[in-house]
Amino acid sequence: MLLEIVCDPIDLRSIESAVLAPGCGGIVSFCGTVRERADDGRAVEGLRYEAHEAMARASFREIADEVRATMPEVRLAIVHRIGALNVGEIAVAVVAAAPHRAEAFAAARFAIDALKERSPIWKQERYCDGERLWLENRCGEEPR
Amino acid sequence: MPVVRLVAFARLRELLGEPRAIALPEGAKVGDLWETLVREEPRVTALARGLRFARNEALCDAETPLREGDEISLLPPFGGG
């Protein structure tokens, strides 16, 4: 299991290579990326993420343990980047490989939803007009 | 007088500064630390909603007693992903 907080750009291919194994028949990769428009339509210059790194890694391990308990054949990676990110860059990658697609999709969906709810990571949106705002995840609602 | 290390994140870090040591009266709890910070920087009051605390990297509550050398983290609502 690859479970990391990183400062450098995320290389999705290398994560997929680390997760994929001969017993896997499918791999699902979810990437959260920096969008150019905020929910209110304002132009976004970039995002800044920070984390309680030790607690965030522990939360990733907990999520991976839960995946392993219910779907033991899934191979999972969770990698979240912190620091300043530009529009279009990958902020988080969740990659799940499994013998069959149903488990790969289910594990990836569970892991990203759980991360947004439980991992101590914070996101600041930086707008082109100079304003900056710390955003909260909306937990318990249908993901958008 | 237990001395603890205070670590705040996101908007709370901007208001309270980078990690630092802070001394509290004997018998103080996590909630007393928060009250001390509210007196020091009243603007944090608006950030109490959804705030969680951690003591030495484990979630705790306001009633948790402080011990010498503890690291107390202030965790605003999360925004990762």
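1. Helices (H or I, at least four residues) and strands (E, at least two) are DSSP runs, numbered from the N terminus. Chain A has three helices and eight strands, and from the N terminus on they follow the order β-α-β-β-α-β-β-β-α-β-β.

2. This is a predicted model, in which local features need pLDDT of at least 70 and side-chain atom pairs count only at pLDDT 80 or more, while totals for chains, interfaces and linings use all residues. Residues are numbered from 1 along each chain as its sequence is written, chains are lettered from A and ligands numbered from 1 in the order in which they are written, and side-chain values use heavy atoms, with hydrogens and water left out.

3. On overall shape, the radius of gyration is taken over C-alpha atoms, and the globule rule is 2.2 Å times the number of residues to the power 0.38. For 144 residues a compact globule would have a value near 15 Å, and chain A agrees, with 15 Å. Along the principal axes, the C-alpha atoms of chain A fill a box of roughly 50 × 30 × 25 Å.

4. Buried means under 20% relative accessible area, exposed over 50%, and partly exposed in between (1.4 Å probe, protein chains only). In chain A, 46% of the 144 residues count as buried. One of the residues of helix 1 (residues 12-19) of chain A is A:Glu16. Is A:Glu16 buried or exposed? A:Glu16 is buried, because its relative accessible area is 15%. Leaving aside residues up to four places away in sequence, A:Glu16 is in contact (heavy atoms within 4.5 Å) with A:Ile27, A:Ser29 and A:Val95.

5. Now the interface. The contact takes 23 residues from chain A and 19 residues from chain B. Buried area is the accessible area (1.4 Å probe) that two parts lose on being put together, summed over both. For chain B and chain A this comes to about 1700 Å², 55% of it on carbon and sulfur atoms. On the chain B side, B:Phe78, B:Gly80 and B:Gly81 lose the most area to chain A, together 37% of what that side buries.

6. A salt bridge is a side-chain nitrogen of Lys or Arg within 4 Å of a carboxyl oxygen of Asp or Glu. Two salt bridges are counted between chain B and chain A. The side chains of B:Arg49 and A:Glu136 form a salt bridge, with 2.9 Å from N to O. Helix 1 (10-16), strand 3 (52-55) and strand 5 (71-75) of chain B each supply at least two residues of the side that touches chain A. The largest share of that side, four residues, comes from helix 1 of chain B.
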